[in-house]
Amino acid sequence: PPGFPAILSIVFRLLPEFPHNVWLLKSVSIAAMLGVALLTHAYARRRQMEPALAACVAIAVAITPAFVFLATSTVMSECAFTLVQLATVLLIQRSVESNDHRRGRLLTVVAALTAAANVLIRSAGLGLVLACSLWLLKERRWKRAALFGAIVATSVLPWMLYARAY
């Protein structure tokens, strides 16, 4: 999928001399893990967790050995994938919890865009699309499920058709 290479291409333009730019390419994953820590902290605080405990949980997630290895020793998509996937889960959850119809619909649109970005980073993100769609249906959010599916399909289908053709 083209998502992670597209992110790296932006960074590559800042310093195009390889291997001198490897540290900059790795910084994408490090920044993604900082984002994962921030989202984890925000989620924990939203769930009424004490501030110190929420910070500990966020730090524990960010310093998980596998994530530290992926963020610092490789230039792979896992950290960016995790960030976008976590953002999608939190957005879709907020969209279902929202009592304001307009805000809920807006959150569903943003969740669909992040879910599509997740699929464009790694095709394994299709599982998240299916899970979000099923959860919206379980919660009887029929219109939001249709909106979510339509936006994801519109965003991902061109790449899938291109990849199948070539």
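The following dialogue explains the terms applied to this predicted model and the values behind them.

Mentor: This is a predicted model, in which local features need pLDDT of at least 70 and side-chain atom pairs count only at pLDDT 80 or more, while totals for chains, interfaces and linings use all residues. Residues are numbered from 1 along each chain as its sequence is written, and side-chain values use heavy atoms, with hydrogens and water left out.

Trainee: How many helices and how many strands does the chain have?

Mentor: The chain has eight helices and zero strands. Helices (H or I, at least four residues) and strands (E, at least two) are DSSP runs, numbered from the N terminus. From the N terminus on, the order of elements is α-α-α-α-α-α-α-α. Taken along the principal axes, the C-alpha atoms fill a box of roughly 50 × 50 × 25 Å.

Trainee: Why is helix 5 called roughly antiparallel to helix 6?

Mentor: The axes of helix 5 (residues 78-97) and helix 6 (residues 101-121) cross at roughly 160° and come within 8 Å. Axes are lines fitted to C-alpha atoms, for helices over the stretch in contact, and angles run from 0 to 180 degrees between N-to-C directions. Angles under 35 degrees count as roughly parallel, over 145 as roughly antiparallel, 65 to 115 as roughly perpendicular and the rest as oblique. The crossing angle of roughly 160° therefore makes helix 5 roughly antiparallel to helix 6.

Trainee: Is the crossing of helix 5 and helix 6 left-handed or right-handed?

Mentor: Helix 5 passes helix 6 in a left-handed crossing. A crossing is left-handed if the near helix is turned anticlockwise from the far one by less than a right angle, and right-handed if clockwise.

Trainee: Which residues of helix 5 meet helix 6?

Mentor: From helix 5, the residues include Phe81, Val84, Gln85 and Leu91, and those they meet in helix 6 include Leu107, Val110 and Asn118. The residues of this contact divide into eleven nonpolar, seven polar and two charged. Here Ala, Val, Leu, Ile, Met, Phe, Trp, Tyr, Cys and Pro count as nonpolar, Asp, Glu, Lys and Arg as charged, and the others, Gly among them, as polar.

Trainee: What makes asparagine 118 buried?

Mentor: Buried means under 20% relative accessible area, exposed over 50%, and partly exposed in between (1.4 Å probe, protein chains only). Asparagine 118, which lies in helix 6, has 0% relative accessibility and therefore counts as buried. Leaving aside its neighbours within four places in sequence, asparagine 118 is in contact (heavy atoms within 4.5 Å) with Phe81, Val84, Gln85, Gly125 and Leu128.

Trainee: Why is glutamine 93 also called buried?

Mentor: Glutamine 93 is found in helix 5. Its relative accessible area is 14%, so glutamine 93 is buried. Apart from neighbours within four places in sequence, glutamine 93 is in contact with Tyr43, Arg47 and Trp135.

Trainee: How do you know that the span of helix 2 is close to the expected one?

Mentor: Helix 2 (residues 22-46) has 25 residues and reaches 37 Å from its first C-alpha to its last, close to the 36 Å expected at 1.5 Å a residue. The expected span is 1.5 Å times one less than the number of residues.

Trainee: Which residues of helix 2 are buried, and what do they pack against?

Mentor: Among the buried residues of helix 2 are Leu24, Val28, Met33, Val36 and Ala44. The buried residues of this helix pack against helix 1 (3-14), helix 3 (51-62), helix 4 (65-73) and helix 5. Alanine 44 has 3% relative accessibility and so counts as buried. Beyond its neighbours within four places in sequence, alanine 44 is in contact with Met49 and Ala54.

Trainee: What is the phi of glutamine 48, and why is this residue called exposed?

Mentor: Glutamine 48 has a phi near 65°, a positive value in a residue other than glycine. Most residues other than glycine have a negative phi, and most peptide bonds are trans. Glutamine 48 is placed in the loop between helix 2 and helix 3, and its relative accessible area of 68% is why it is exposed.

Trainee: Where does arginine 140 lie, and what makes it exposed?

Mentor: Arginine 140 lies in the loop between helix 7 (126-138) and helix 8 (142-165). Its relative accessible area is 62%, so arginine 140 is exposed. Phi of arginine 140 is near 60°, again a positive value in a residue other than glycine.

Trainee: Is the peptide bond from phenylalanine 18 to proline 19 cis or trans?

Mentor: That bond is cis, with omega near 10°. Proline 19 lies in the loop between helix 1 and helix 2.
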